[in-house]
Amino acid sequence: MNCILQLKGRFEQRPNGSKPGAPKLPKGKSVKSSHLRELAQQINKIFLYWQRNTNIGGALVSVHYKNIVPKSNRLKALLAEGSKDTSESVRGAKFVWEKDDLGKTVQKHVFTHFVKLETLEKSAELLRNSATIIDTQFNGVLTYEQCEMIADKRKCFSNDILSKSAFLKTIVDGNYVERFDIDRANEEITQDSIITIYQTGVETKRLLAKFGINIIDDRIIDGTTLRLTPDEAKLLYNNASYLVAMSLTDFSVINKDDITDEIETWNDELNLIPKPSNEPVIGVIDTQFNDNVYFNEWVDYTNMLDENIPLSEEDFRHGTAVSYIIVDGPQGNPELEDGCGRFRVRHFGVATHKGFSSFAVLRLIRDIVAKNRDIKVWNLSLGSKLEIKPNFISPVAAELDKIQSEYDVVFVVAGTNAPQGMVGNDMKIGSPADSLNSLVVNSVDFKGRSASYTRSGPVLSFFNKPDLSYYGGDGKRAEDKIAVCCDNMGATYVIGTSFAAPWVSRKLAYLIQIMGLSRELAKAILIDSAAKWDRKDDISHRMGYGVLPKHIDDIIHSSNDEIRFLMMGTSEEYETYTYNLPVPIINSTHPFYAKATLVYFPQCNRNQGVDYTSTEMDIHFGRVVINKKNKATIKSIDNNKQCEDGVVTLYEEDARKMYRKWDNVKHITEEIKDKAVPRKAYDSGLWGLSIKTKERITSRTKEPLQFGVVVTLKEMNGVNRINDFIKLCMARGWFVSKLDVQNQIDVYAKAEEEIKFE
């Protein structure tokens, strides 16, 4: 087997040099004056409503687009406030599915803005004036060709009531917008709920008091997320349903994994577990831990619940089983031996077996992580029985994403199970498995088939979740289940995603803490290892990118016909790139298939609804081509044409579907075909990697953001060319190192030694 290589060298950075041209209609489109007048009337009605209802100190207005729109096609003139980008007034975003004129169901974007009343007046006036110009100069319809002639100055535009720029922006806005409205939530609340309201011009507590709702600070998170009783929620819905951005039940019933009463006495040898020394620590946030088990010295346990809450024997079983797998799982499950050794656990009990308050848990998680900064990997095998919502991220998942963007940690989250009596196929995953920055794990049986209880993604109808799958057992026989230790009685046999996740936590902690990899590279390696060469393009939203190999050797090595290398970088400008990767050339060709996985941890904003991730990284990897103008470009292995020469050539919906635009994991791969055809080597003979970074909010200060990339080159004829690649890289100025297991273990052991001063 070949070692994985790490390439360290120089990435170039460049800002986005392209400047947007004059606004134009899409080819073949036209705008009628009647449509603009209709939009003006809608805005006027909204203005009159908020003129009478002054509770929020401004106006909430929802913009319903005709389809999914990229940032470049969203409002530019309408709802604009001075020089500010209109994205700054967005308070929420969602998808709706509606029928078009032909009866076809179309997915559409809806954005909710908070603006001043005078902004509505100006917008209505812009629409009316633009409609008048279309009537007087273009017979009621402005076509694409006419718009282009005005934009390119081939047709003179002179008007006393509106500038050319304002006119064109209004026309383009009107083309994409279907209607303006005040959207209202409509749900029946019967339990304590977590409700997020839109951010307005009035402080939350003062605003709620206007509707007879008086709450203390402990029931507010991030200024707009509240924990309300059913009576309080009813008051809010009755008086200000327009304020509700999202809501869900607060009390999460834990999916009760199948813990049987089958007990098998442990081998006496299991009592011979050595005392812990300097092994890496994994954090566990779960139900309680049983201190009477044989491996109790390996677990540092803290009960985070109020001491007055009574605990039963059942409250300790789930959490203890999860910690057992992390500490000593291969001992009771030799068929799942992973070569990672044992791990210590810092276990925090935040729930009982009956369930937990999501609001209380999300407050606890941040405090736990902040006080345990030495822990890099956290296992969270708690999950809600309820399905995720289609238009927003759950509060606990959002908090996990926020913590991971702020701290150098990774959460491994169980993908949740279908309740007893239900088939997983019929259910979406439950919170917090909708966390995008986390590594979400679903379960397969020992034959690698999706488990019967496994639920499915995607998240926000787009993001790929779960990330991958692992063995969590399925079936009625003991040999089809995972053996765990819940108490001092013996072996208990279980199934569930809760018991697949900790096996992945072990591997992730090994890569980060033993092998010394960044969290970005560690997550990328695991996803890349699960995504086999024969993976189909239509990703299963039950198994993620695939099933992770059992043994760590199969993750940190590649086959003899593969060259697998890691690259770490930081995006500081629009483009981070290198055109200096020397892939071996044989007979003027590159006889390799290629695949690459990109991972980064973006900031996320739950208040933006379906526009949840704040940063997009677009990966281009392939041969370097020098064009006739002597300009170097990358011929990407997935034929990615996004942002070439600063021009977006795809509809937003296609860019999301084909290139995972806005997803924080990108996996691009070539299909291995029966007849291998080596690709032509261009003049330079080099390959390149380019990461183009975009922000949702244009005015937001761009902060450096780390990314990790795993690249695999598979030789078409089965020849081992890794030494040739190493020599070529060194000749091009790359520092090349092998991911040497024994060397890294020695380094870790030395680093963890306790130094005694004389």
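**Close-up views of a predicted model**

Y545 counts as buried because its relative accessibility is 3%; buried means under 20% relative accessible area, exposed over 50% and partly exposed in between, with a 1.4 Å probe and protein chains only. The model is predicted, so local features need pLDDT of at least 70 and side-chain atom pairs count only at pLDDT 80 or more, while totals for chains, interfaces and linings use all residues. Residues are numbered from 1 along each chain as its sequence is written, and side-chain values use heavy atoms, with hydrogens and water left out.

**View 1. Y545 in its loop.** Y545 lies in the loop between α11 (519-530) and α12 (553-556). Helices (H or I, at least four residues) and strands (E, at least two) are DSSP runs, numbered from the N terminus. The C-alpha atoms of Y545 and D528 are separated by 8.0 Å, with the two residues 17 residues apart along the chain.

**View 2. T112 in strand β7.** T112 belongs to β7 (residues 105-115) and counts as buried because its relative accessibility is 4%. Leaving out residues up to four places away in sequence, T112 touches L60, V61, S62, S89, V90, R91, G92 and Y198. Contact means heavy atoms within 4.5 Å.

**View 3. I365 in the largest nonpolar core.** This core has 115 residues, and I365 is among those with the most contacts inside it, as are F167 and F411. A nonpolar core is a set of buried Ala, Val, Leu, Ile, Met, Phe, Trp, Tyr and Cys residues joined through side-chain atoms within 4.5 Å. Beyond its neighbours within four places in sequence, I365 is in contact with I285, L380, V396, L400, I403 and F411. Another core, of 70 residues, lies apart from it and includes F295, C340, V494 and L511.

**View 4. Helices α8 and α9.** The axes of α8 (residues 358-370) and α9 (residues 395-406) are 9 Å apart, at an angle of about 15 degrees. Axes are lines fitted to C-alpha atoms, for helices over the stretch in contact, and angles run from 0 to 180 degrees between N-to-C directions. The two helices, α8 and α9, are therefore roughly parallel; angles under 35 degrees count as roughly parallel, over 145 as roughly antiparallel, 65 to 115 as roughly perpendicular and the rest as oblique. From α8, S358, L362, I365, R366 and V369 meet P395, V396, E399, L400, K402, I403 and E406 of α9.

**View 5. Helices α7 and α10.** The axes of α7 (residues 317-332) and α10 (residues 501-514) come within 9 Å and cross at roughly 55 degrees, so α7 and α10 are oblique to each other.
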